[in-house]
Amino acid sequence: YNLAAVLYNNDQIVSSQQADHRAFDLFQELARPNAALAEALAKAAILQDLIDRQELQIGPQGLRAEQHPKLHVMYMALGQSYAKIAEEYLKSGELSEAEEALANIRPLLPKLDSQARDQLFASYTRLMKNLRDNRQK
């Protein structure tokens, strides 16, 4: 944008517009999540939708994941997707987005069997530590 402003001030309107468009395109590209993150977000949304539908079919009393293997697999996959999303956001320095992804893991933990819960909780605590460490920088 600085180049566009300089060109504009020097009455180079067409060049200024071209520089402005290039700068805008670059900002749009930088704001777009990378392909792996976009894919993980899409998978998480699909899994969340599947889980919501399964829970509606089960009814208000609900079932723990170990009572319903299909839910167990979906809960674990969703938790792993959120962990991957959080990790990608941490790598790119987007701490609030990482925190949001991690917040989605907590409600899943009680729905898992103990082995899966321990595994996902280990990822959760590691990522939370990374988040705290990054915030202190």
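# Burial and helix packing in a predicted model

Me: In this predicted model, is Ala86 buried or exposed?
Reply: The relative accessibility of Ala86 is 0%. Buried means under 20% relative accessible area, exposed over 50%, and partly exposed in between (1.4 Å probe, protein chains only). Ala86 therefore counts as buried.

Me: Which pLDDT do local features of this model need?
Reply: Residues are numbered from 1 along each chain as its sequence is written, and side-chain values use heavy atoms, with hydrogens and water left out. In this predicted model, totals for chains, interfaces and linings use all residues, side-chain atom pairs count only at pLDDT 80 or more, and local features need pLDDT of at least 70.

Me: How many helices does the chain have?
Reply: Helices (H or I, at least four residues) and strands (E, at least two) are DSSP runs, numbered from the N terminus. Read from that end, the elements of the chain follow the order α-α-α-α-α-α. The chain has zero strands, and its count of helices is six.

Me: What percentage of the residues of the chain count as buried?
Reply: Among contacts between residues at least 6 apart in sequence, 61% join residues at least 24 apart; here contact means heavy atoms within 4.5 Å. The chain has 137 residues, and the share that counts as buried is 31%.

Me: Which residues does Ala86 touch, not counting residues up to four places away in sequence?
Reply: Ala86 has its place in helix H4, residues 69-91. Its C-alpha atom is 4.2 Å from that of Ala98, although twelve residues separate Ala86 and Ala98 in sequence. With residues up to four places away set aside, the residues that Ala86 touches are Ala98, Ala101, Leu102 and Leu127.

Me: Is Val73 buried or exposed?
Reply: Val73 also belongs to helix H4. Its C-alpha atom is separated by 9.6 Å from that of Ala116, which is 43 residues away along the chain. At a relative accessibility of 53%, Val73 counts as exposed.

Me: What is the relative accessible area of Lys43?
Reply: Lys43 is found in helix H3, residues 35-58. Between the C-alpha atoms of Lys43 and Tyr82, 39 residues apart along the chain, there are 9.5 Å. Lys43 is partly exposed, and its relative accessible area is 43%.

Me: Which residues does Leu120 touch, not counting residues up to four places away in sequence?
Reply: Leu120 lies in helix H6 and is buried, with a relative accessible area of 1%. From C-alpha to C-alpha, Leu120 and Gln80 are 7.1 Å apart, with a sequence separation of 40 residues. Apart from residues up to four places away, Leu120 touches Met76, Gly79, Gln80, Ile105, Leu109 and Leu112.

Me: Are helices H5 and H6 roughly parallel or roughly antiparallel to each other?
Reply: The axes of H5 (residues 95-103) and H6 (residues 114-136) come within 11 Å and cross at roughly 160°. Axes are lines fitted to C-alpha atoms, for helices over the stretch in contact, with angles from 0 to 180 degrees between N-to-C directions. Angles under 35 degrees count as roughly parallel, over 145 as roughly antiparallel, 65 to 115 as roughly perpendicular and the rest as oblique. H5 and H6 are therefore roughly antiparallel.

Me: Which residues of H5 and H6 make the contact?
Reply: Two packed helices are described by the angle between their axes and the distance between the axes. On H6, the contact is made by Tyr124, Leu127, Met128, Leu131, Asn134 and Arg135. On H5, the contact is made by Leu95, Ser96, Ala98, Glu99 and Leu102.
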